[in-house]
Amino acid sequence: MQLAFWDFPSTKCLEAAAQSLCRETEKHSASYCADLLRQQQVDIALLPVTTVFTAVEEFDIIPGGAVSSWGYPFARLRVHQGIQRAKVLKSSPDQKLEEFMARVILKEHYGRQVQVVFDGRADIELLPESTPLPRVEDPDILDLGQEWYELAQYPMVWGVYACLKGAGNDLMTQSLIELTEEAEIVAQEWGTRSDSPEDKFFGESLRLRLDDVTIAGLTAIREYMYYYGITEDLVPLPIFVSEHAQQLPWWGQDTGQNGGERL
């Protein structure tokens, strides 16, 4: 079974887990992973949640895992002026998911409706993912993951595993469950390596299961995407239902991971 990973920071522990399990995987940009899935070059792809929700007629979500977090140091907003006076948000074309989150957070949490620009001066800007992670907190930088949790009261779901519409099966689900369990072990081990922001993220914030808490997070994202005009309809969550759903180790459970729940 061929699996394509969206290339973003959380993928590191998934890659390590796949290697440990001798799984055949590849890693690409989100758009290329989606294209591979459409072309049937891979069976499953880990995609940004917004990509799947804007193409529910094409994709189903496989319930063997997901990528969510309570905080996320790799997606940050730098505030150049007081956030209560912010009018312009600087983004980039490859930060669509983060831009959506920032718009929602600024409007719903801070009462600021911003104009998005790709060049020039701005009151707030999305930092590139490659920006080094500081060890000391900067009051002018906001963690998007933490801000989303404070707004929605659920972890931000970054990525879900998708297959072509109608192609899901129990083998896919079981394969992802095994990968998720192995990746949880890897993440816990990395969390004890050092006190760096990256290692602390893997050990304390990262969640890899598609449990009830994650599904609630997906529901919140779906609703905001509809209210902000990103999707035309408030569509049902396109989750493949396994014939053996009740036998999944965390199906229908509010299970914690890497330090427990925060609800």
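Predicted model: local features only at pLDDT ≥ 70, side-chain atom pairs only at ≥ 80, totals over all residues.
At what angle do helix H4 (residues 96-110) and helix H5 (residues 144-152) pack, and how far apart are their axes? Residues are numbered from 1 along each chain as its sequence is written, and side-chain values use heavy atoms, with hydrogens and water left out.

**View 1. Helices H4 and H5 pack at an angle of about 45°.** Their axes lie 10 Å apart. Axes here are lines fitted to C-alpha atoms, for helices over the stretch in contact, and angles run from 0 to 180 degrees between N-to-C directions. The angle makes H4 oblique to H5; under 35 degrees would count as roughly parallel, over 145 as roughly antiparallel, 65 to 115 as roughly perpendicular, and the rest is oblique. H4 and H5 cross in a left-handed way, a term for a near helix turned anticlockwise from the far one by less than a right angle, with clockwise being right-handed. On the H4 side, the contact residues include Phe100, Met101, Val104 and Tyr110, and on the H5 side they include Leu144, Trp148 and Leu151. Contact means heavy atoms within 4.5 Å. Helices and strands throughout are DSSP runs numbered from the N terminus (helices are H or I with at least four residues, strands are E with at least two).

**View 2. Five strands form an open sheet in the order E7-E6-E8-E5-E9.** The pairing in this sheet is mixed, and two strands pair if DSSP finds at least two bridges between them. Strand E7 (115-117) and E9 are the edge strands, each pairing on one side only. Neighbouring strands are turned by 25° against each other on average, direction ignored. H4 packs on this sheet and touches E5, strand E6 (88-90), E7, E8 and E9; the direction of H4 makes about 145° with that of E8. H5 also packs on the sheet, touching E5, E8 and E9, and its direction makes about 60° with that of E9.

**View 3. Strand E5 (residues 76-79) has antiparallel partners in E9 and E8.** Three bridges join E5 to strand E9 (residues 141-143), and three bridges also link E5 with strand E8 (residues 124-126). Follow leucine 77 to see both pairings: its bridge partner in E9 is leucine 142, and in E8 it stands opposite leucine 126. Valine 79, for its part, faces isoleucine 124 in E8.

**View 4. A second open sheet has six strands in the order E2-E1-E3-E10-E4-E11.** Pairing is mixed here. Strand E2 (25-28) and strand E11 (206-207) are the edge strands, each of which pairs on one side only.

**View 5. Strand E1 (residues 3-6) pairs in the parallel sense with E3 and with E2.** Three bridges connect E1 to strand E3 (residues 44-48), with alanine 4 opposite alanine 45 and phenylalanine 5 partnered by leucine 46. Four bridges join E1 to E2, where leucine 3 stands opposite threonine 25. From E1 the chain crosses through helix H1 (residues 11-20) to E2 in a right-handed β-α-β crossover; with the strands pointing away from the viewer, the path from the first strand over the helix to the second runs clockwise in such a crossover. Leu3 and Phe5 point one way from E1, Ala4 and Trp6 point the other way, and all are buried, with buried meaning under 20% relative accessible area, exposed over 50% and partly exposed in between (1.4 Å probe, protein chains only).

**View 6. Helix H1 packs against helix H6 (residues 170-190) at an angle of about 120°.** The two axes are 8 Å apart, and H1 and H6 are therefore oblique to each other. H1 passes H6 in a right-handed crossing. Among the contact residues are Lys12, Cys13 and Leu14 of H1, together with Leu179, Val186 and Trp190 of H6.

**View 7. Aspartate 199 is found in helix H7 (residues 197-205).** Is aspartate 199 buried or exposed? At 6% relative accessibility, aspartate 199 counts as buried. Leaving aside residues up to four places away in sequence, aspartate 199 touches Trp190, Gly191, Arg193 and Ser194. By contrast, aspartate 199 and glutamine 115 are 35 Å apart in space, C-alpha to C-alpha, and 84 residues apart in sequence.
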